[in-house]
Amino acid sequence: MKKFDENYILLKDMVEDGYYPKFLVEKVKEQIVLVIRLLEEGETNPGVIQSKLDEMTLAINDLQDVFYENDSEIETVARDSIAVTVEYILEWFEIGIDIETALQERDW
């Protein structure tokens, strides 16, 4: 089974921007790592993968209020950072799901 690129920095732009509370960036990362683990286990079924991506996205949606409570929000930089990270993951594992479909449940 293929392991994810250990040199890739998940959510790099969010990590490097002090606007995003570190504990919230970690919560977003935790959701993304669940998708990575599924792919590392060898899952290739697009339906199963999309379902996990939807779970991830809905969980990130649920963090929006906590971002607001901490004087932050999932705005342009965060949206792009999440999308770039997910797109990289899909490409790394050669999963043919486009980014718009992958993040179809987002409301940010």
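1. Val33 lies in helix 2, which covers residues 22-40; helices here are DSSP runs of H or I with at least four residues, numbered from the N terminus. The model is predicted: local features need pLDDT of at least 70, side-chain atom pairs count only at pLDDT 80 or more, and totals for chains, interfaces and linings use all residues. Residues are numbered from 1 along each chain as its sequence is written, and side-chain values use heavy atoms, with hydrogens and water left out.

2. Val33 has a relative accessibility of 24% and counts as partly exposed. The cut-offs are under 20% relative accessible area for buried, over 50% for exposed, and partly exposed in between, with a 1.4 Å probe and protein chains only. Between the C-alpha atoms of Val33 and Phe4 the separation is 9.8 Å, and the two residues are 29 apart along the chain.

3. Helix 2 has 19 residues and spans 26 Å from its first C-alpha to its last, close to the expected 27 Å. The expected span is 1.5 Å times one less than the number of residues. After helix 2 comes Gly42, with a positive phi near 100°.

4. Which residues of helix 2 are buried? They are Leu24, Val25, Val28, Lys29, Ile32, Val35, Ile36, Leu38, Leu39 and Glu40. Their cover includes helix 1, helix 3 (46-61), helix 4 (64-69) and helix 5, where contact means heavy atoms within 4.5 Å.

5. Rings of Phe, Tyr and Trp (its six-membered ring) pair if their centres lie within 6.5 Å; planes under 30 degrees apart count as stacked, over 60 as edge-to-face and the rest as tilted. By this rule there are seven aromatic pairs. One of them is Phe4 with Phe93, stacked at 6.1 Å centre to centre with 20° between the planes. This pair links distant parts of the chain, 89 residues apart: Phe4 is in the segment before helix 1 (12-16), and Phe93 is in the loop between helix 5 (76-92) and helix 6 (99-102). Phe4 and Phe93 are both buried.

6. Tyr8 and Tyr88 also form a stacked pair, with 3.9 Å between centres and 5° between planes. Tyr8 is in the segment before helix 1 and Tyr88 in helix 5, 80 residues apart. Tyr8 is partly exposed at 22%, and Tyr88 is partly exposed at 24%.

7. Ring pairs join Phe4, Tyr8, Tyr88, Trp92 and Phe93 into a cluster. The charged end of Lys2 sits over the ring of Trp92, 4.8 Å from its centre; the criterion is NZ of Lys or CZ of Arg within 6 Å of the ring centre and within 35 degrees of the ring normal.

8. A salt bridge is a side-chain nitrogen of Lys or Arg within 4 Å of a carboxyl oxygen of Asp or Glu. The count is four. Lys12 and Glu16 form one, with the closest N and O atoms 2.7 Å apart. Both residues lie in helix 1, four residues apart, about one turn of the helix. Lys12 is partly exposed at 38%, whereas Glu16 is exposed at 53%.

9. In helix 2, Lys29 and Glu26 are three residues apart, about one helical turn, and their side chains meet in a salt bridge at 3.4 Å, N to O. Lys29 is buried at 18%, while Glu26 is partly exposed at 40%.

10. Glu100 forms a salt bridge with Arg106, the closest N and O atoms being 2.8 Å apart. Glu100 is partly exposed at 49%; Arg106 is partly exposed at 28%.

Definitions and conventions. Helices (H or I, at least four residues) and strands (E, at least two) are DSSP runs, numbered from the N terminus.
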